[in-house]
Amino acid sequence: MTDDWAGSRDLHVEVAARGRRRAGLERALRDAIRAGRLHAGERLPSTRALSRDLGVARGTVADAYGQLAAEGYLTTSQGAPTRVASTPAARQGRLAPAARPNEPRFDLRPGLPDVSSFPRRAWLRALRSALATAPDSALGISDPRGRPELRQALATYLGRARGVLADPAAIVVCTGYIQALGLVARALKTTGRPVIAMEDPCLELHRNIVESAGIEVLPLPVDEGGARPEVPDGAGAVVLTPAHQYPLGGTLAPERRTALVRWARETGGVLVEDDYDGEFRYDRQPVGALQGLDPARVVYAGTASKALVPGLRLAWLVLPADLIEPVVDVKRLADYHSAVLDQLVLADLIGSGGFDRHVRRMRNRYRARRDRLLAMLADRAPYGRPLGVAAGLHLVLELPDGAPSEAELVERGARRSVALGSLAAHWHGSGPRREGLVIGYGRPPEHAFGASLAALSDVVAVAEDRQP
Ligand SMILES: Cc1ncc(COP(=O)(O)O)c(C=O)c1O
């Protein structure tokens, strides 16, 4: 007798060992379908496989399947596998499916790169090469800091492309900057720094992450020259976006970089540098990392979320020597280490030059998009003031007095299925709050950018008759 492996699959049903097995099996299957444990379309084991697993006669299983098919819970037909039906009987008692969020047609919110441009072929090549060469031991449990292959590749790349002084031993690979920031916050707390200054404005989520580590967050005002260097009393660390302030878009002025490093040296403070889009500077060479000025006082954080895609959840910290152990301790407790396969692939992609090629191609695309966006805004929204340097994947259109409010424009966008960000949620201090749209020009797929820009131009042109 041949074993039917095609029909073998695990199915958890509890059938009483005694009594009427067929009725028990029917009830167990019916309950599982009604409760939603077995989903519509799910394939059930063959009668032979299930009878063997449950230790009952094959005819008993066939009878139970037949009965449930008659009741509308299952679909059976000769030669085809038995499946859970998607009829009302099968859906009865199930939770209502989650409502699909209303996706905007034109999504110009900040936060995402053009994910449709992910270099799939290059990634696949790197995956094959990484799998072919990785030792078996790489698939076991690794160092909490991450795979040595990736830490070595990052150390070389960051030194060359971002001016970071990185020893592979000081690098910790994390599950996105989200995790990296949480780990650093916890490590700062355990090393006696329970108060941290964060740029005002900055991402609300990032403040929440730091606060959830039990840390008090103080606002550090920002202007066109980036964060102001007057660190509030009591703060033991400062979180910064020096290359391209998020969201306002300035670059930290050279004298402020020096002043902040001086503050850190004099007080034993720590600067946390979030270099989230440092690869994308369009008017000249990217500004080198702050970390290069004093690797003993600056925590450098980079991410694959903009240069590649955020779904990878890959980011990296380069740590001052005295923070390596505290961060590794919390990383070990969080998830021991980040998933290894993607680390090996990224290491291969960086080593082969594929990562640089992708970044350079995307830099050209994003630069062209930013130029088109600025030209459109000058024409259709002359009441607004674009802020920030030529960098990154987003731009703030400041709305001075007399211009339409950010709420008004966001609402008008929503009515036309154009999703936009605004500055509102980014403020956390008591200082003056500026109004502005945050436009993520990186997000649409390349082929849809023109249409997205045209839709945005209709939204912002609303105020032509209301120009100051
Ligand atoms: C200011 C800022 N920092 C960091 C990140 C990267 O976060 P993650 O690596 O968790 O995707 C982003 C992404 O949107 C960001 O906007």
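1. Which residues make the nonpolar surface patch of about 270 Å²? The patch is formed by L131, L139 and L341. Patch members have over 30% relative accessible area and no salt bridge, and nonpolar side chains (Val, Leu, Ile, Met, Phe, Trp, Tyr) are joined within 5 Å; areas come from the Shrake-Rupley method with a 1.4 Å probe, with only the protein chains shown counting as cover for residues. L131 belongs to helix α5 (residues 120–133) and is partly exposed, at a relative accessible area of 46%.

2. On provenance, this is a predicted model, in which local features need pLDDT of at least 70 and side-chain atom pairs count only at pLDDT 80 or more, while totals for chains, interfaces and linings use all residues. Residues are numbered from 1 along each chain as its sequence is written, and side-chain values use heavy atoms, with hydrogens and water left out.

3. The whole structure contains 25 salt bridges, each being a side-chain nitrogen of Lys or Arg within 4 Å of a carboxyl oxygen of Asp or Glu. One of them joins R30 and E71, at 2.8 Å from N to O. R30 lies in helix α1 (residues 21–34) and E71 in helix α3 (residues 58–71), so the contact ties together parts that are 41 residues apart in sequence. Helices (H or I, at least four residues) and strands (E, at least two) are DSSP runs, numbered from the N terminus.

4. R30 is buried, at 16% relative accessibility, whereas E71 is partly exposed, at 28%. Buried denotes under 20% relative accessible area, exposed over 50%, and partly exposed in between (1.4 Å probe, protein chains only). R30 and E71 also belong to a network of salt bridges with R22 and E26.

5. A further salt bridge links E411 and R415, whose closest N and O atoms are 3.1 Å apart. Both residues lie in helix α13 (residues 406–415), four residues apart, about one turn of the helix. E411 is partly exposed, at 41%, and R415 is exposed, at 61%.

6. Strands β1 (residues 74–77) and β2 (residues 80–84) pair in the antiparallel sense over three bridges; pairing requires at least two DSSP bridges between two strands. S77 stands opposite A80 in β2. Two residues separate the strands of this hairpin, and G79 takes a positive phi near 80°.

Methods: Patches are made of residues with over 30% relative accessible area and no salt bridge: like charges are joined within 9 Å, nonpolar side chains (Val, Leu, Ile, Met, Phe, Trp, Tyr) within 5 Å.
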